[in-house]
Amino acid sequence: MKIKAVMLEADSLGRTHKLAPLEEFVDLTSYPNTPQELVLERCKDAEIVILNKVVMDAPTLKNLPKLKLICVTATGTNIIDHSCAQELGIAIKNVEGYSTHSVTMHTFALVFALLSNMFYYDRYCKSGEYCKSKVFTHFNKDLLALENKEWGIIGLGNIGKSVAKSALSFGARVSYTSTSGRNHDSTYPEKSLEALLRTSDVITIHAPLNEQTHNLINASNLPLLKEKAVLVNVGRGGIVNEEEVAKALVTQDFYYGTDVFEQEPMRVNHPFLNPDIQHRLLLTPHIAWGYGNTIKKLVAGTIENVREYIHLRQHT
């Protein structure tokens, strides 16, 4: 008899990249999406649960006695109560490294769009205003260069290092801060968070969400940002206090771009929808991890995690 497995968020893998190959060796039930109130009902008979954003807290885990493996179709696993899972003998598997190139690309897409005020210039041309111009060019918004500028990285893991290497190629000077205080790399100068925010022209966030990073960027340190600074979050939404960033964008001269939000999808009446700050803001709907063949790599890694579990189970 095949092991019972449940996929709770099939739609998160896009329209075409599914986990159908798993059906060869597990009894797979797949749901497009799963609200939190249906998790227990849908997982009650499953030995393996595959998810992305569905929360597996202690009360949930303790009510799933058959559960032995949680596969996360992502790198971050902060949606799971690790200590409870360990206590109950539930293994947790993620997929590391699959999106490094993809998130690096999206980081630069956000940074370049903000540095160049690209959307303003696009609208200027498409509105017909350029057709009325008496000169061939039009400089009405900042075009900020990277050469000889300071690029600060919050979280120098695999993605942070990839971004750092690319930033150097554009002539930026790279420094970093370790959110855990344990990771050090002599390749780049290390700074405190306050020093990084105060000295950097571009700051990009690549850290995990945990107790040390929750609300790391907030009203107490946002005033440290340099004039015209670009702050980009491709880590996790909860690292940045969104209410306080939105307020700061009204009075401070900086730009903010993010692919992640504390609540996903964005909540209704989110402060980032304020029309007064749109010219300083660039938002994307958690897509940084999906360039090229990245989703295929993620699916393949998830399938391999299930295979390894079944192999170990059969030989123990």
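In this predicted model, the side chains of lysine 161 and aspartate 185 meet in a salt bridge, with 3.8 Å from N to O. The pair links distant parts of the chain, 24 residues apart: lysine 161 sits in helix H6 (residues 158-169), and aspartate 185 sits in the loop between strand E7 (173-177) and helix H7 (193-199). Lysine 161 is partly exposed, with a relative accessible area of 39%. Aspartate 185 has a relative accessible area of 17%, and it counts as buried because the cut-off for that word is under 20%.

The structure holds 13 salt bridges. Another of them joins glutamate 129 to lysine 132, where the closest N and O atoms are 3.2 Å apart. Glutamate 129 is partly exposed, at 37% relative accessible area, while lysine 132 is exposed, at 61%. Salt bridges can also be joined to one another: Asp142, Lys228, Asp253 and Arg280 are linked in a network of them.

The side chains of glutamate 243 and arginine 267 meet at 2.4 Å, N to O. This pair, too, links distant parts of the chain, with glutamate 243 in helix H8 and arginine 267 in the loop between E10 and E11, 24 residues apart. Both ends are partly exposed: glutamate 243 has a relative accessible area of 38%, and arginine 267 has 28%. Glutamate 243 also takes part in a contact through its backbone. At the start of H8, a side-chain oxygen of asparagine 241 reaches to within 3.3 Å of the backbone nitrogen of glutamate 243.

Which residues of helix H8 (residues 242-251) are buried? They are Glu242, Val245, Ala246, Ala248 and Leu249. Seen down the axis of H8, these buried residues fall within an arc of 165°, so they line one face of the helix. On the face turned away from the buried side, H8 carries the exposed residues Lys247, Val250 and Thr251.

Loops can hold buried residues as well. Leucine 225 lies in the loop between strand E8 (202-205) and strand E9 (229-233). Its relative accessible area is 9%, so leucine 225 is buried. What does leucine 225 contact, leaving aside its neighbours within four places in sequence? The residues are Leu197, Ile203, Gln252 and Phe254. Leucine 225 and aspartate 201 are 24 residues apart in sequence, yet their C-alpha atoms are 8.2 Å apart in space.

The whole chain can now be described. The protein chain has nine helices and eleven strands. Its C-alpha atoms fill a box of roughly 75 × 45 × 35 Å, taken along the principal axes. A compact globule with 316 residues would have a radius of gyration near 20 Å, and the 22 Å of this chain agrees with that. Buried residues make up 47% of the 316 residues. Of the contacts between residues at least 6 apart in sequence, 63% join residues at least 24 apart. The chain exposes about 16300 Å², and carbon and sulfur atoms supply 53% of that area.

Note on methods:
Residues numbered from 1 in each chain as written. Predicted model: local features only at pLDDT ≥ 70, side-chain atom pairs only at ≥ 80, totals over all residues. Heavy atoms only, no water. Buried < 20%, exposed > 50% of the residue type's maximum accessible area, 1.4 Å probe, protein only. Helix = DSSP H or I, 4+ residues; strand = E, 2+ residues; numbered from the N terminus. Arc of directions from axis to C-beta. Polar contact = N/O pair within 3.5 Å; in protein donor to acceptor, adjacent residues only side chain to side chain. Contact = heavy atoms within 4.5 Å. Rg over C-alpha atoms; globule rule 2.2 N^0.38 Å. Areas by Shrake-Rupley, 256 points an atom, 1.4 Å probe, with all protein chains shown as cover. Salt bridge = Lys/Arg side-chain N within 4 Å of Asp/Glu carboxyl O.
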